[in-house]
Amino acid sequence: MNEIERIIAKHAGVDSVKPGEIVEVEVDLVMTNDGTTALNIDIFENQLGCDKVWDNEKLIMIMDHYIPSNTIAAANSHKIMREFGVKNNLKYVYDGVGVCHQLMLEKHVEPGQLIIGADSHTCSYGSVGALSTGMGSTDIAVSWMDGRTWLKVPETIKIILDGEIPKGVYAKDMILKIIADMTAKGATYKAVLFEGTAVEAMSISERTTLCNMVIEAGGKFAYIKPDDKVREYMAAQGREVDFDDEECTDGEYEQIINYDVSEIEPQIACPHTVDNVCDLSEVEGMEIDEFFIGACTNGRYEDLEVAAAILKGKTIAPNVRLIVTPASREIYKKAAREGLLEIFMDAGAMISNPSCGTCFGSEGLLGDGERLLSTANRNFIGRVGSKDGFIYLASPAVVAASAITGKISDPREVL
Ligand SMILES: CC(C)[C@H](C(=O)O)[C@@H](O)C(=O)O
Ligand code: SF4
């Protein structure tokens with residue numbers, strides 16, 4: 001078995017599993033957010049006829065998509081969540097503290113765990129060696145009954161990223177390139193395991209960007225074998241974790257794909273699909289109306305640091321807007337302490353409370369015909385405001401460099 005199959009077997013309580021098999025597993029945590037929790041609760045109480053969740057410390061509820069609430073419907077769905085939290089004595093209900101995946105990584109996820117979430121980007125936790133995946137509302141509601149679910153053991157694609165990471169190139173460029181090559185359905189129901197010297201060199205933040213976007217190729221799980229960087233990351237949060245470093249040499253893979261990252265250039269995903277990717281040079285100079293730095297993809301401190309280094313002492317172009325949304329309160333506080341927020345504000349940016357915000361279209365909406373250059377992970381029609389708007393995806397460095405000129409610009413020229 002490969003690492004992914006080992007984690008599944010352990011949670012299924014069996015010695016071994018193989019791709020294609022359907023197994024019942026015990027999950028370590030279930031995460032839900034305000035995108036669908038009210039629906040989960042309705043299914044749990046009214047369709048399944050249940051009263052209390054199986055474990056008040058393992059169901060984690062997060063209000064992040066529409067917080068502070070922007071519609072009466074959002075306010076009512078938050079009200080249902082808060083009341084359910086009190087009724088079930090839930091230990092972890094986060095109310096406007098950050099984007100769900102970021103909070104999970106900062107406070108809950110541990111290597112080797114199996115986690116399900118009512119959100120497609122739950123696959124992000126592979127960055128610290130956990131196996132995690134998004135599920136629909138019915139499956140999530142059923143898991144609340146006894147902490148169990150079922151899954152089909154996926155085949156695994158191994159992606160090896162070797163080579164030196166060029167200046168101005170980030171995990172975001174690599175995953176956009178990978179999705180362009182694989183297409184949006186290339187990893188459907190498959191697990192994607194990343195390894196290689198470039199992955200080893202990456203911070204947990206960068207590894208999270210890689211894993212986060214695996215769902216954009218249809219992936220079931222993303223996974224990176226945990227190492228000392230994971231230990232340091234956990235220790236910095238006051239958590240000590242124990243895991244096995246031993247090399248897994250007998251694993252089988254459906255496919256092994258190699259990249260030399262030293263050949264990768266800054267990438268842009270163009271409207272309206274995530275796999276519609278080109279080298280930045282092909283769209284360089286395109287005029288943009290709105291810029292967004294944030295989301296579970298690229299709203300971490302390391303992302304803000306890259307953007308601030310570019311924006312320091314500069315101002316954004318006239319007639320454009322830049323929205324910066326730290327992905328969690330901890331990131332927000334650190335960015336304030338370290339002077340990053342001041343750099344952004346002096347450059348002319350608006351800073352918003354940690355939330356999904358301009359990634360999900362709950363703020364920062366586009367008008368008709370407007371273009372957004374965003375660090376988020378999806379560029380679907382109408383996701384951020386007008387259906388006649390256009391969304392381009394890129395790294396924080398590209399967004400920061402472009403906000404200064406008002407046009408898609410190459411960060412390598414200003415770094
Ligand atoms: C609201 C939620 C169900 C959704 C998801 O599953 O991904 C959202 O987070 C998104 O990014 O589109
Ligand atoms: S930040 Fe965007 S991609 Fe991430 S959970 Fe929120 S809406 Fe989904």
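A word on terms before we start: domain bounds here come from an automatic or database domain assignment. Also keep in mind that this is a predicted model.

So, where do the bounds fall? The assignment gives domain 1 as 3–261 and domain 2 as 267–413. Their C-alpha centres lie 24 Å apart. The two domains touch. Domain 1 puts 34 residues into that contact, and domain 2 puts in 32 residues.

Look at the side of domain 1 that touches domain 2. Which helices each supply at least two residues there? Three to find: helix 4 (100–107), helix 6 (171–182) and helix 8 (204–212). Helix 6 gives the largest share, with 6 residues. Now sort that side of domain 1 by class. You get 12 nonpolar, 14 polar and 8 charged residues.

Next, the helix pair. Two packed helices are described by the angle between their axes and the distance between the axes. Take helix 2, residues 37–47, and helix 3, residues 72–87. They pack at about 55°, and their axes are 9 Å apart. That angle makes helix 2 oblique to helix 3. The crossing of the two is left-handed.

Which residues make the contact? From helix 2, pick out T37, A38 and I41. From helix 3, pick out S77, I80, M81 and F84. By class, this contact of helix 2 with helix 3 has 5 nonpolar and 2 polar residues, and no charged ones.

That's my part. Questions, please.

Technical notes. Residues are numbered from 1 along each chain as its sequence is written. Chains are lettered from A and ligands numbered from 1 in the order in which they are written. This is a predicted model: local features need pLDDT of at least 70, side-chain atom pairs count only at pLDDT 80 or more; totals for chains, interfaces and linings use all residues. Axes are lines fitted to C-alpha atoms, for helices over the stretch in contact, and angles run from 0 to 180 degrees between N-to-C directions. Helices (H or I, at least four residues) and strands (E, at least two) are DSSP runs, numbered from the N terminus. Angles under 35 degrees count as roughly parallel, over 145 as roughly antiparallel, 65 to 115 as roughly perpendicular and the rest as oblique. A crossing is left-handed if the near helix is turned anticlockwise from the far one by less than a right angle, and right-handed if clockwise. Two residues are in contact if their C-beta atoms, placed from the backbone, lie within 7 Å. Ala, Val, Leu, Ile, Met, Phe, Trp, Tyr, Cys and Pro count as nonpolar, Asp, Glu, Lys and Arg as charged, and the others, Gly among them, as polar.
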